[in-house]
Amino acid sequence: MKIGIHLGNNGASATAESIATLAARAEELGFDSVWVSDHIAIPTRIESQYPYGPPGSFTPEHTQNFWEAFAVLAFVAGMTKRVELGTSVIVLPQRPPLLIAKQWATLDQLSGGRAILGVGAGWMREEFEALGFSHTFDPRGKATDEAINLFRAAWTTDGPIEAHGEVYDVNPVLMWPKPARPGGLPIWIGGHGKRSIRRAAELGDGWQPLRIGVEELSELIRYLREQLNRYRRSQDAVTISLGVTALPPGNGSGGATQEWELAGDPDESAEKLKRYAAAGAEHFVVNCPRGTSMAGMIEAYESVAREVRPRLDGS
Amino acid sequence: MKLGIHLGNNGASASAESLPLLAARAEELGFDSVWTSDHVVIPSSIAGEQPAGRPGVYDPADLENYWEAFSVLAFVAGMTTRVQLGVTVIVVPQREPLLFAKQWATLDQLSGGRTILGVGVGWNREEFESLGAGDKFDRRGAATDEAIRLWRTVWQTEGDVSFSGDVYRFNPIRFLPKPARPGGPPIWVGGSARPSIRRAAQYGDNWHPIRASIDDLKVGRAQLDEQLARFGRKPEDVTVSMTVTAFPPGQGTNGSSRDYVLAGDPVASAEKLRRYAEAGVDHLVVNCARGTPVSEMLAAYEFVAKEVRPRVDAS
């Protein structure tokens, strides 16, 4: 089982100091990976429905300080040696796909093959519009599929590549460097809707749902397994990761925590992760609630590394 | 006068070893800055000819191994502490300006305010088309002007910010983080043609011609001063930089009569740099001929750092 931490590249606590400090601590504490999330421009008025929290929980006030995901990972790659570097997730259709393909191939090379490209189709129409990608919002599922196929072509084809899809049209171009790993870097599909799971089964190397209970996860994994059969892929072709939340000490230790929240008693937290692992989760991405101070994040992650993890590995 | 070196992020010699090695040597040798150049995709063939100043037949093999400019700088930012980090130059209209503004602001913050943003309008229509920016090619000058205004608007506006231009527009958003330096990083305008000089006078912090003779540079500086007066700015508002080419000891002597070639005799090379400084150049970027092996790039840069520079500083 692998465990990674989110670098908290958004919210009031994100600073140059916090990002560099958390990345360095991740290596020292033996975490397997570091993660960032992606928004670029936060619209003042958001009518689109945020799918990963209650209505009204995604507000400009809380999310406006969003450090650009790729820039953070490339910087962190330069200051670390060991941890994997992932996105949870990049909103694919609001960036040009060949630029993503080139940036990630470069990052994978420079980092010695440590990049994990987590992708999602996005949900916020207003942000797509601000970025000049309003035309890819409605067909964003199709755009995501086409972009993934374009990445793989760019990463594995020695000669010219071209693509003539419904969303993207590319005349023959050459794309070097290739990623460090032959065949390209792993692509993990975010989201726990059925469309995302089908995409993971068809095109992904990983699937990364966020903050769901064990029962729901088991049910969705059954669906993933069916879909893997449908696409004639092996059952271990897709790594299953899960986003969980660590509450800093003093928060949420009253016992009224959700299944995906780690707080207070390390035995109880370890038990939660073991249940998820038994259901099929292989790589946990631990974050802290938005707005947690840097000191609070460090404390929460230290507690996972020193108190919770040893109880998992020993079992 | 400041001296920087180009990391050689394109051509056969660019690799995961060469880029960190050259960046580390730049810090050790006391250079002031490191530089990358920008192409994202290399079209297999192009319809037109290369523009003036780029003689020769278009051969994609010269360009295809092009490591992405921004990724390399962000990685290098993470592994260095002192050198400035510049691009010579980013092709502005083939990147979406809000995404780019956010990536660059993030890098400026993470690097502690070490970035220099060199800009150009581009020349390769087919590359624009492959990146989904085909509609910007015929108005690439106007798009570049507008993108610079857009960047500065989002970098400088607290709270809600919107933009309404002929090429780019968006509804109110929030944009944080701002760059580390108030107002944003310095923008260097590349190119020797009159529109580039006008753009430097109107929007730039620095004019950045590539491989101009000392006489051409003086002519350009006079044109720049005229244009500055037109825009109500002072001559000291826009500094001048230049790119020169260095050869390792024993090579390049047949081109060494050119002002912008540093080869062979360190005394003659130092004299050239002094004359550029007298003509107003305050930052020189030293590159090597495309395809130079890494060992020879290192030798050329060591020649500049150890043999040429002391002779310039001593005078």
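Modeller: A crossing is called right-handed if the near helix is turned clockwise from the far one by less than a right angle. In this predicted model, H6(A) passes H7(A) in a crossing of that right-handed kind.

Biologist: What makes the relation of H6(A) to H7(A) roughly parallel?

Modeller: The axes of H6(A) and helix H7 (residues 194–203) of chain A lie 12 Å apart, and the helices pack at an angle of about 15 degrees. Angles under 35 degrees count as roughly parallel, and H6(A) is therefore roughly parallel to H7(A). On the side of H6(A), the contact is made by A:Gly141, A:Thr144, A:Asp145 and A:Ile148, and on the side of H7(A) by A:Arg195, A:Arg199 and A:Leu203.

Biologist: How do you know whether H7(B) is oblique or roughly parallel to H8(B)?

Modeller: In chain B, the axes of helix H7 (residues 194–203) and helix H8 (residues 214–230) cross at roughly 50 degrees and come within 9 Å. This angle makes H7(B) oblique to H8(B), since the limit for roughly parallel is under 35 degrees. H7(B) passes H8(B) in a right-handed crossing. B:Arg194, B:Ile197, B:Arg198, B:Ala200 and B:Ala201 of H7(B) make the contact with B:Gly220, B:Gln223, B:Leu224, B:Gln227 and B:Leu228 of H8(B).

Biologist: Turning to H1(A), how do you know that its buried residues line one face of the helix?

Modeller: The residues in question are A:Ser18, A:Ile19, A:Leu22, A:Ala23 and A:Ala26. Seen down the axis of H1(A), the buried residues fall within an arc of 125 degrees, so they line one face. An α-helix has 3.6 residues a turn, so residues three or four places apart point the same way. A:Glu17 and A:Glu28 are the exposed residues carried on the face of H1(A) turned away from the buried side.

Biologist: What covers the buried residues of H1(A)?

Modeller: The cover includes strand E1 (2–6), strand E2 (33–36), helix H3 (69–79) and helix H10 (294–313) of chain A, and also helix H4 (97–110) of chain B.

Biologist: How does the reach of H1(A) from its first C-alpha to its last stand against what is expected?

Modeller: With 13 residues (16–28), H1(A) reaches 19 Å, close to the 18 Å expected at 1.5 Å a residue. Just after H1(A), A:Gly30 has a positive phi of about 80 degrees.

Biologist: Which residues have a positive phi although they are not glycines?

Modeller: A:Arg211, with phi of about 50 degrees, is one of them, and A:Arg232, with about 55 degrees, is another. A:Arg211 is in the loop between strand E10 (206–208) and H8 of chain A, whereas A:Arg232 is in the loop between H8 and E11 of chain A.

Biologist: What makes A:Arg232 and A:Ser234 exposed?

Modeller: A:Arg232 has 7 other C-beta atoms within 10 Å, and A:Ser234 has 8 C-beta neighbours inside 10 Å. The limit is 12 or fewer, so both residues count as exposed. A:Ser234 lies in the loop between helix H8 (214–230) and strand E11 (239–246) of chain A.

Biologist: What makes up the side of chain B that touches chain A?

Modeller: There, 47 residues of chain B are in contact with 46 residues of chain A. Strand E3 (42–43), helix H3 (69–79), H4, helix H5 (125–130) and strand E7 (169–174) of chain B each give two or more residues. H3(B) supplies the largest share, nine residues.

Notes. Residues are numbered from 1 along each chain as its sequence is written. Chains are lettered from A and ligands numbered from 1 in the order in which they are written. This is a predicted model: local features need pLDDT of at least 70, side-chain atom pairs count only at pLDDT 80 or more; totals for chains, interfaces and linings use all residues. Helices (H or I, at least four residues) and strands (E, at least two) are DSSP runs, numbered from the N terminus. The expected span of a helix is 1.5 Å times one less than its number of residues. A residue is buried if 20 or more other C-beta atoms lie within 10 Å of its own, exposed if 12 or fewer, and partly exposed in between; C-beta atoms are placed from the backbone. The arc is that of the directions from the helix axis to the C-beta atoms. Two residues are in contact if their C-beta atoms, placed from the backbone, lie within 7 Å. Axes are lines fitted to C-alpha atoms, for helices over the stretch in contact, and angles run from 0 to 180 degrees between N-to-C directions. Angles under 35 degrees count as roughly parallel, over 145 as roughly antiparallel, 65 to 115 as roughly perpendicular and the rest as oblique.
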